[in-house]
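Please keep the sequence and the 3D view at hand while reading.

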Amino acid sequence: MTPVTIICLLLCFPHLFHLGSAMTDQTGSPCQTIDPYKFLQIIPHPNGSITRLRHDPQTSLASNPNLPISVLSKDITIDQSHNTFIRIFLPRKALDHASSNRKLPLVVFFHGGGFIFLSASSTLFHVFCSNMANDTEAVVVSVNYRLAPEHRLPAAYDDAMKALHWIQTHPGKEEWLSKYADYSNCYLMGSSAGGNIAYHTGLRAAVELHHRGPLKIKGLILVQPFFGGVKRTASELRLMNDSHLPLCATDLMWELSLPRGADRDHEYCNLTVGNGSKQLDEMERLRWRVLVTGCDGDPLFNRQREVVNLVAHKRVRVVEFFVPGQYHGIQDHEPSKAKPLFDVVKHFTFPLIQ
């Protein structure tokens, strides 16, 4: 790291330099020599924003039912001032069987990106959600939320709740939802940072939403959820220099996303703090179900096991789907690898097995 880079970091993020222990393992030795800013391809600025150098291809909508495609999509604005919206994915199968009055499970999806990258219109997640809607036969609603560090947590959680409130209170104003989505069979789902958002949104929704309107959330689907903590886990140490998600990158994403001055033992990051949220008790009372997926080639593997253990300890019904090898985000980058996940999700959301 050059002197110019160090000066820039000191000016832009002086709080980074009180994290001597945060960028090291529990013995105090440096975790790695990777430059996280270079790895993530971001440039920090004195006003707390960042320039994102990564190319983020966007996919346009396909809402015309006459198009020869298997899944239709459209956007609905939630808050124009925050550029938040939902992208709805409707399987053509729903149109073909409209006369049967069979409605499809409703999956509200939150995309990944370490809280600092990507959007609901990113090609990466448009393709994922489109494939999921087709393969699972569900109506998928992908939520676009504000990104850190320009909008630190809990901004993403607030945007997620605002989207849920919109879905809850507008059942008759959006035809694709009113005609084809089963509001009584809704799941909150997210991958990586989106899994974190789904979890924390679920904690709030279990308390705030279940008494109101037609929307009945049945549980959570957490795909390789992104959590952390100050003390390193075995999988973090074993895979600290992982080519897909090195430890220094996760540290920096948390530093850019958490409220200023917070460390990785903040409740947004470390879900085991205080023996877990009391709102899990409400999930148990509502008989929600939680699906947690992961792989042992992911540095966050042990964090994901912590999710399973905590939820099970709170007596919330939990289903786990862990596979050997692979890497963090494989289902997003390799569509063929998402097929087994979609099979699990389809069985999990199918009403007859609940």
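The points below go from the whole chain to particular residues.

The structure is a predicted model. The protein chain contains 13 helices and 10 strands. Of its 354 residues, 56% are buried. Among contacts with a separation of 6 or more, 78% are between residues 24 or more positions apart.

**A pair of strands**

- Strand S9, residues 289-295, pairs with strand S10, residues 317-323, in the parallel sense, and the pairing has 7 bridges.

**Salt bridges**

- A search of the whole structure gives 17 salt bridges.
- One of them joins the side chains of Asp79 and Lys162, with an N to O distance of 2.7 Å. Asp79 belongs to strand S3 (residues 71-79) and Lys162 to helix H5, so this pair ties together parts that are 83 residues apart in sequence.
- The two partners can be described by their accessibility: Asp79 is buried, with a relative accessible area of 11%, whereas Lys162 is partly exposed, with a value of 40%.
- Glu236 and Arg303 form another salt bridge, in which the closest N and O atoms are 2.9 Å apart. Because Glu236 lies in helix H8 and Arg303 in helix H11, the pair ties together parts that are 67 residues apart in sequence.
- Glu236 is buried, with a relative accessible area of 4%, and Arg303 is also buried, with a relative accessible area of 2%.
- A salt bridge is also formed by Arg305 and Glu320, whose closest N and O atoms are 2.5 Å apart. This pair links distant parts of the chain, with Arg305 in helix H11 and Glu320 in strand S10, 15 residues apart.
- Arg305 is partly exposed, with a relative accessible area of 23%, and Glu320 is partly exposed as well, with a relative accessible area of 43%.
- Arg102, Glu137 and Lys346 are linked in a network of salt bridges.

**A buried charge without a salt bridge**

- Asp182 is found in strand S7, which covers residues 181-191.
- Asp182 is buried but has no salt bridge. The nearest side chain of opposite charge is that of Lys103, at 6.9 Å, and a salt bridge is counted only within 4 Å.
- What does the side chain of Asp182 make a polar contact with? Its partner is the side chain of Ser184, at 2.5 Å.
- Leaving aside residues up to four places away in sequence, Asp182 touches Lys103, Leu104, Pro105 and Leu106.

**Backbone geometry**

- Most residues other than glycine have a negative phi, and most peptide bonds are trans. The residues in this group are listed with that background in mind.
- The peptide bond from Ala148 to Pro149 is cis, with omega near 0°. Pro149 is placed in the loop between strand S6 (139-144) and helix H5 (155-169).
- The peptide bond from Leu153 to Pro154 is cis, with omega near 20°. Pro154 is found in the loop between S6 and H5.
- Ser192 is not a glycine, yet its phi is positive, at about 55°. Ser192 lies in the loop between S7 and helix H7 (193-208), and it is buried, with a relative accessible area of 12%.
- Gln224 likewise is a residue other than glycine with a positive phi, near 45°. Gln224 is in the loop between strand S8 (217-223) and helix H8 (234-238). Is Gln224 buried or exposed? Gln224 is buried, with a relative accessible area of 3%.

**A buried loop residue**

- Ala338 is located in the loop between helix H12 (330-333) and helix H13 (339-349).
- Ala338 is buried, with a relative accessible area of 1%.
- Not counting residues up to four places away in sequence, Ala338 touches Phe128 and Gln331.
- Ala338 and Met132 are 206 residues apart along the chain, and 8.4 Å separates their C-alpha atoms.

Notes. Residues numbered from 1 in each chain as written. Predicted model: local features only at pLDDT ≥ 70, side-chain atom pairs only at ≥ 80, totals over all residues. Heavy atoms only, no water. Helix = DSSP H or I, 4+ residues; strand = E, 2+ residues; numbered from the N terminus. Buried < 20%, exposed > 50% of the residue type's maximum accessible area, 1.4 Å probe, protein only. Lys, Arg positive; Asp, Glu negative; His and termini not counted. Polar contact = N/O pair within 3.5 Å; in protein donor to acceptor, adjacent residues only side chain to side chain. Contact = heavy atoms within 4.5 Å. Pairing = 2+ DSSP bridges.
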